[in-house]
Amino acid sequence: MTETPARGFDPQLLFTTRFGGHGGRLGIVHHAHGDDWAELALPYNPDMIGDPASGVLASGPILTLMDMATAVGVWLKLGAFRAHATLDLRIDYLRPARPGQTVIGRGECYRITRSIAFVRGQAHDGDPADPVANVAGTFMATEGYW
C-alpha cells in the first residue's frame with residue numbers, strides 16, 4: 001500500500017517524471033512508501049549479472065538500490081527534497097539474490113539532526129523474512145536539513 005504524506009515530497013512523481021542517471025539506467029522504480037520509508041524495485045536484468053555461470057545479480061546494483069531507497073526515506077521524513085551526500089553506507093550481504101527475481105529495497109530514515117540523517121534498510125527478492133542484504137548508514141546535508 002502506498003501512503004502519501006501530507007507534506008511536499010512525492011517519490012512517485014520523482015520516479016515517473018524526472019528520474020534518470022545511474023538508477024534510471026539500472027531500471028530502479030518506485031514500489032511503495034510511507035512517511036519515513038520507501039521501497040524501490042530493481043527488476044532482474046541479464047546485463048547486471050555478476051557471475052554468468054550462476055545468473056546472480058552483481059552486488060553494485062543492489063548497493064545502488066539501497067543507497068537510493070534510504071535517500072528517498074530521508075526526503076520523505078523531511079517532506080521535501082534536500083541535496084545531500086551519502087556519508088556512510090554499510091551493507092551486509094546475507095545471500096545472493098535469486099536469478100530472475102526483482103529485488104525490493106526498503107529504506108527507512110529513523111532520525112534526522114541538523115546536518116545528519118540516520119538510515120537503515122533491507123533488500124529481499126520476494127520474502128522480507130529471507131533478506132538478501134541489510135544496510136545502515138548516514139547522509140549529510142552540507143546546507144543542513146533545517
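I looked up the salt-bridge network and found Arg-95, Arg-98, Asp-125 and Asp-130 linked in it. I counted a salt bridge where a side-chain nitrogen of Lys or Arg is within 4 Å of a carboxyl oxygen of Asp or Glu. The model is predicted, so local features need pLDDT of at least 70 and side-chain atom pairs pLDDT 80 or more, while totals for chains, interfaces and linings use all residues. Residues are numbered from 1 along each chain as its sequence is written, and side-chain values use heavy atoms, without hydrogens and water.

I then took the pairs one by one. Arg-95 and Asp-130 meet at 3.1 Å, N to O. Arg-95 lies in the loop between S5 and S6 and Asp-130 in the loop between S7 and S8, so this pair ties together parts 35 residues apart in sequence. Helices (H or I, at least four residues) and strands (E, at least two) are DSSP runs, numbered from the N terminus. Asp-130 also forms a salt bridge with Arg-98, with the closest N and O atoms 2.7 Å apart.

I checked accessibility next: buried means under 20% relative accessible area, exposed over 50%, and partly exposed in between (1.4 Å probe, protein chains only). Arg-95 is buried at 18%, Asp-130 is partly exposed at 26%, and Arg-98 is partly exposed at 38%.

Last, I looked up the largest nonpolar core, which has 35 residues. Such a core is a set of buried Ala, Val, Leu, Ile, Met, Phe, Trp, Tyr and Cys residues joined through side-chain atoms within 4.5 Å. H3 gives the largest share of this core, 10 residues.
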